[in-house]
Amino acid sequence: QQLSVIDLYDKDIEDKSTVALEGSVKTIRGSKNISFIELNDGSCFRSAQVILKKDNPNFEEISKLPIASTITVEGEFVKTPDAQQPFEIHGQKVELVGHSNADYPLQKKKQTFEYLRTIAHLRPRTNTFYSVFRIRSLAAFAVHEYLQHNDFVYVNTPIITSSDAEGAGAMFRATTLDMNNLPKDEDGKVDNSKDFFKTVTNLTVSGQLQEEAFTMAFKNVYTFGPTFRAENSHTPRHASEFWMIEPDMAYTRLPGMMDCAEGLLKYVINYLLEHAKDELDFLDQNVEPGLLDKLRGTAGEEFARVTYTDAIKMLQESGEQFEIPVKWGMDLKSEHERYLCEEIYKRPTFLTDYPRDIKAFYMRDNDDGKTVAASDCLVPGIGEIVGGSEREEREDILDKKIHEFGLKPEEYAWYAELRKYGEIKHSGFGIGFERLVMYLTGMENIRDVIPYPREPGNAPF
Ligand code: 4AD
Ligand code: MG
């Protein structure tokens, strides 16, 4: 019966029994009498060591194989309690079943992440990217598990939409119109009624607005899906296509929203500390020294909570020379966010009650007339990882803000109607999944935590 490499580690396999495997050659070393083959089948981070001796009929052929060749191995499973690896396989029947070329770009020596981005189709096979993408998968599972255990209902909001959830205009058009031959109306303007949906549509920037309709029905809901932003930001933490987790909770105020975000982040970290040991060890040793201590620390400590106004004072009084000076009313830049959580608090930090003018129209006005009940969570090394708020549930104030923010009321009529038929105080937030994976893996560039990154000027594959 054919086994996977992970079975050899996890199942209680009898010493000296015969096992069969199929996988890729990760490395081969040895001498003219013996070969040591690291066999990898992707089922776990680790490989199985196969030993092949000169008396084997295929010894010559197998020993010369290029890396990434596929072989089948039948052999004796031998426990090696004193060695670094807990077992080895003494190959008996070893056969080549799939060729690979000798110019395989992932030879043993370390390649830069920049170079590996140019071969995004091959990089999942490296130790680093294998670790990152397994952690990404486990983290997604943990997110669902945490929210489902806490009675959240998973809602799938549309990818193609006619409304701009953030009101920021950073949207990709979704159209079937021929750009070289656009239909025009009598005034010479593009006639969008000739488009597929007979109106202008875009790729979603956030599922929040459509999701809120479900908050009213199910109390606790979440989305977890791809979102798209046509921001021309060339930074290591902005992607044009990224995944977002958006929980939304009825009868919940800002402190409850922050408790949920904090609980979720800690749950995901604890889940990985338990289920991604090999991967986290590797990243701790090779990518971010201290990663494990950082994660254990985050899971065990209370996040800081401070108002935007107090944070501005602290930044101004810090004596630090920022590239962009700190002023009340400004949208904090990454240098300010990072100073707050890295130098002042040294842990994840919730910033609350931002100026209303720099935040989205749907955020609930505070009584001071200047701020909104919003909260972002900033984490060391990255900056903003969570953005959330109480939602403006008062019908009259929401209507006023839609006008004030220059949005078209007819496009938001259905959204305003959610208030018209029952004002419910509710709050929610969005976690950028890639930024979370960056934090979990120590990777410093968002392009290295999403399988196929999309960025301004670049969308290969
Ligand atoms: O702060 P944002 O824009 O908030 C929203 O979209 C709300 N609708 C969320 C909600 O309340 N339901 O985005 C939320 C998070 C940010 O904190 C950041 O982590 C991530 O999404 N994010 C990005 N990640 C990668 N690339 C980008 N261009 C991102 N823009 C936002
Ligand atoms: Mg934000």
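How many residue pairs are in polar contact between domain 1 and domain 2? The count is six, with both residues at pLDDT 80 or more; a polar contact here is a pair of N or O atoms within 3.5 Å, and within protein one must be able to donate a hydrogen and the other to accept it, with residues adjacent in sequence counting only if both atoms are side-chain atoms.

Keep in mind that this is a predicted model, where local features need pLDDT of at least 70, side-chain atom pairs count only at pLDDT 80 or more, and totals for chains, interfaces and linings use all residues. Residues are numbered from 1 along each chain as its sequence is written, and side-chain values use heavy atoms, leaving out hydrogens and water.

Now for the two parts themselves. Domain 1 runs over 2-98 and domain 2 over 123-170 + 205-448, with bounds from an automatic or database domain assignment. Their centres, taken over C-alpha atoms, sit 45 Å apart. Where they meet, seven residues of domain 1 contact eight of domain 2 (heavy atoms within 4.5 Å). There's also one salt bridge between the domains, meaning a side-chain nitrogen of Lys or Arg within 4 Å of a carboxyl oxygen of Asp or Glu. The side chains of Arg46 and Asp278 form a salt bridge at 3.0 Å, N to O.

Elsewhere, Leu265, Phe303 and Tyr439 are among the residues that line the largest cavity.

Definitions and conventions: Chains are lettered from A and ligands numbered from 1 in the order in which they are written. On a 1 Å grid over the protein atoms alone, a cavity is a set of points where a 1.4 Å probe fits but cannot get out, and a pocket is an open set with protein on both sides within 12 Å along at least five of seven lines; lining residues have an atom within 4 Å of a point.
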